[in-house]
Amino acid sequence: MPLIEHIYELRTRLLIAMAAIVVFMGFGFWWYGSGIGVIPSLGEILTGPYCDIPPGARLQLGDGDQCRLLATGPFEQFMLRLKVSATAGIVISSPVWLYQLWAFITPGLHKNEKRYGIVFTTLAAVLFIGGAVLAYIVIVHALEFLLSIGDNVQTTALSGTQYFTFLIQLILIFGVSFEIPLLLAMLNVAGVLSYEMLAKSRRGIIMGIFVFAAVASPGQDPFSMLALAVAVCILVEFSIQFARLHDKRKKKARAEWLEVDDESASPIEASGGIDSSGGIGASGPLGRPAPVRTSAPAGGAATPHNSSPLQAPTGGGSPYDDIT
């Protein structure tokens with residue numbers, strides 16, 4: 001396929017992905033303020049972790065038990081709703097844009113690689129959404145710890161922008177981090193990382209995950225950090241075991257002589273001539289060749305070929321006169 005056709009295809013894939021994000025973004029904008037049957041509105045779902053915090057640890061606005069966040073600007077509520085809708089569009093449409101990404105890569109892959117790719121695309125969407133759900137569950141404990149650590153002195157009044165920014169960052173970080181184990185499995189299938197390499201680097205990988213969780217967690221609280229690190233470590237261990245099974249299966253299906261290093265010479269057994277049974281006999285020293293004999297005259301014995309130099313004819317002349 002020419003380069004210009006690749007560019008056209010990339011443009012088409014990007015347009016489809018962007019259209020899906022925009023459509024689900026519009027759906028999220030509507031869902032933010034309206035419920036769907038028994039499902040509450042998106043705004044109520046997202047503010048649930050904040051409202052689950054004890055009232056003594058947060059600022060209570062309004063009469064009764066109504067839980068609301070603080071707005072400090074005239075356009076803050078609109079921009080906040082737009083930001084939440086964009087995040088919802090990206091998360092909900094993740095199967096669509098992940099499929100478009102995979103469909104752009106597929107033509108350059110083999111048949112078995114395409115089969116693995118469909119599985120990996122589905123798992124990528126599931127893991128991303130799973131990370132977002134875990135972040136939503138963890139944020140209750142993270143906020144309770146952050147807002148109640150000094151509640152005997154002060155009360156935290158969070159604005160909607162501050163709260164939803166923290167929530168969106170946590171959801172995206174968890175969702176993207178859950179793709180790391182899938183990336184390791186894809187590199188193993190592609191032959192870049194082997195099980196031996198992953199097993200030897202297990203301690204370093206776990207250490208790196210905990211450091212990444214400590215740095216990437218937006219709240220720097222122990223709950224979100226530990227939840228992210230432990231969850232990713234468990235998924236990484238699953239990917240390492242997948243690499244072990246995949247390498248074992250690939251080694252069985254691979255011919256034994258293909259495992260020889262390119263720079264290593266294979267042993268050559270001593271061989272001789274082909275014996276009467278069709279096999280190769282043992283080699284030995286070559287014997288002295290027999291002399292070449294001329295054909296025997298009728299009734300006479302064969303005589304050795306005379307290898308003496310040519311003699312001049314008796315009548316004079318050159319010994320090569322008979323050559324025409």
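Helices are DSSP runs of H or I with at least four residues, and they are numbered from the N terminus. On that basis, F145 is placed in helix α5. The model is a predicted one, and the points below are grouped by topic.

**Overall architecture**

- The chain contains ten helices and zero strands.
- Read from the N terminus, the order of elements is therefore α-α-α-α-α-α-α-α-α-α.
- Of the 324 residues in the chain, 28% are buried.

**The largest nonpolar core**

- The largest nonpolar core comprises 46 residues.
- Y50, V84, I139, Y163, F164 and L167 are the residues with the most contacts inside this core.
- Two or more residues of the core come from each of α2 (42-51), α3 (76-92), α5 (111-148), α6 (160-177), α7, α9 (202-216) and α10 (222-253).
- Helix α5 gives the most to the core, with ten residues.
- Leaving aside residues up to four places away in sequence, V84 touches Y32, L42, L46, F164 and I168.

- Is F145 buried, partly exposed or exposed? Its relative accessible area is 31%, so F145 counts as partly exposed, given that buried means under 20% and exposed means over 50%.
- When residues up to four places away in sequence are not counted, F145 touches D221, P222 and F223.
- F145 and I53 are 92 residues apart along the chain, and their C-alpha atoms are separated by 9.5 Å.

**Aromatic pairs and a charge over a ring**

- How many aromatic pairs does the structure hold? There are seven.
- One of these pairs joins F27 and W31 in a tilted arrangement, with 5.7 Å from centre to centre and 35 degrees between the planes.
- Both F27 and W31 belong to helix α1 (residues 3-31), where they are four residues apart, about one turn of the helix.
- F27 has a relative accessibility of 33% and therefore counts as partly exposed, whereas W31, with a relative accessible area of 15%, is buried.
- Y163 and F164 form an edge-to-face pair, with 5.2 Å between the centres and 70 degrees between the planes.
- Y163 and F164 are both buried.
- Ring pairs also link Y163 and F164 with Y32 and Y50 in a cluster.
- Of the residues in that cluster, Y50, Y163 and F164 are also among those with the most contacts inside the largest nonpolar core.
- R81 is positioned over the face of F29, at 4.5 Å from the ring centre.

**Helix α7 and the residue after it**

- Which residues of helix α7 (residues 180-189) are buried? They are P181, L182, L184, A185 and N188.
- Viewed down the axis of α7, these buried residues fall within an arc of 155 degrees, so they line one face of the helix.
- Just after α7, G191 adopts a positive phi of about 85 degrees.

Definitions and conventions
Residues numbered from 1 in each chain as written. Predicted model: local features only at pLDDT ≥ 70, side-chain atom pairs only at ≥ 80, totals over all residues. Heavy atoms only, no water. Buried < 20%, exposed > 50% of the residue type's maximum accessible area, 1.4 Å probe, protein only. Arc of directions from axis to C-beta. Phe/Tyr/Trp six-rings, centres within 6.5 Å; stacked < 30°, edge-to-face > 60°. Lys NZ or Arg CZ within 6 Å of the ring centre and 35° of its normal. Core = buried A, V, L, I, M, F, W, Y, C linked by side-chain atoms within 4.5 Å. Contact = heavy atoms within 4.5 Å.
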